[in-house]
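Q: I would like to go through a protein model with you. Could you show it first?
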Amino acid sequence: MTKRAVVVGINNYTGIDATGNSNLNCCVADAKSVVDLIPSLGFDASNIVLLTDKAATRSGVMAALKGMVNDSEPGDVACFYFSGHGSLEADDPTNPSCERFYESMCTATRPFLTDKDLFSIANQLEQSAVNFTVISDSCHSGGMDQETDAVSKYKSLALGNDLTQRIQNFMNTWIPVGISVPSNTDICSNNVSEVQVVEGGHLMCEEDPSQIFVDLAKMTLISGCRFWELSYEINGHGLLTKALLDTINADDFQMDHGDLISTLQLNVADAFQPLLPSIPNNYPKSQVPQLRGQANRMKEGFLQPWSDSR
């Protein structure tokens, strides 16, 4: 059994926004801390690929993920950690009334990574044989404004007025990046409703809780927040990453996915409190990490080989 990881952290987004206004503060530190952390979970340094800032191009990240998957065998563990901006894009950008949208991880270059990209890489894996876990410390959607305070900043790129209005008027399906599901099925269909754009360009919605877990998911996803929330960074780390570091560094760490997400949610809720005074009134007053994937895997150990084939 071998454990492999691709770890990505991007602060420098000048490749897509030359003004520097979209740059982040803590993502590279997040990534380097994860690289230092995961050997305690059985990852050998020779099997960890770290990509930061301008090296974390779309092609560079895709190549690293393909290499990890190609090397994986039944019983292995594959981990993809991402800290950076998130965004949202139409499944069919040429259709102005498209109802299906994909989250994206914003790499240092466009186009960004969506779940369609991850599925194209992981499709060859037997979902019952390799534990492929994605940890995403980023937002799911965009806001027109960015927090400029160096102490706290959320990880979301602006979507633009035209796209946000299309989303508000037509979106009913929101595919999270990191579950790896076929794009030619009705998976996640109609999983969101009451989509609206509030002042500042931030998206709000309701999610169908019955569609959080997906039988065909090839990956297990731990994300920084719910669809309509934002993932913040403060005091040197993203809130999700800091909670993960603190939890795993505790004595005798050994948790299944359910216990882990409960612990992360509590820790992030505590760390979120100092941010409340700086958050606009019409923005969410919470950040709740989420767990997605196959429901029958949630009692399996975090970043451990599957105990049986299912």
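A: Let us begin with a term: buried means under 20% relative accessible area, exposed means over 50%, and partly exposed lies in between, with a 1.4 Å probe and protein chains only. This is a predicted model, where local features need pLDDT of at least 70, side-chain atom pairs count only at pLDDT 80 or more, and totals for chains, interfaces and linings use all residues. Residues are numbered from 1 along each chain as its sequence is written, and side-chain values use heavy atoms, leaving out hydrogens and water.

Q: Is Cys225 buried or exposed?
A: Cys225 counts as buried because its relative accessibility is 0%.

Q: How many disulfides are there?
A: A search of the whole structure finds zero disulfides, a disulfide being a pair of cysteine sulfur atoms within 2.5 Å. Cys225 is in no disulfide, and the nearest cysteine sulfur, that of Cys139, is 5.2 Å away.

Q: Which helices and strands does the protein have, and how many?
A: The protein has six helices and 15 strands; these are DSSP runs numbered from the N terminus, with helices being H or I of at least four residues and strands E of at least two.

Q: Why is helix α3 largely enclosed?
A: Helix α3 (residues 115-122) is largely enclosed by the rest of the structure because six of its eight residues are buried. Among them are Leu118, Phe119 and Ile121.

Q: What about the whole protein: what share of its residues is buried?
A: Of the 310 residues, 58% count as buried.
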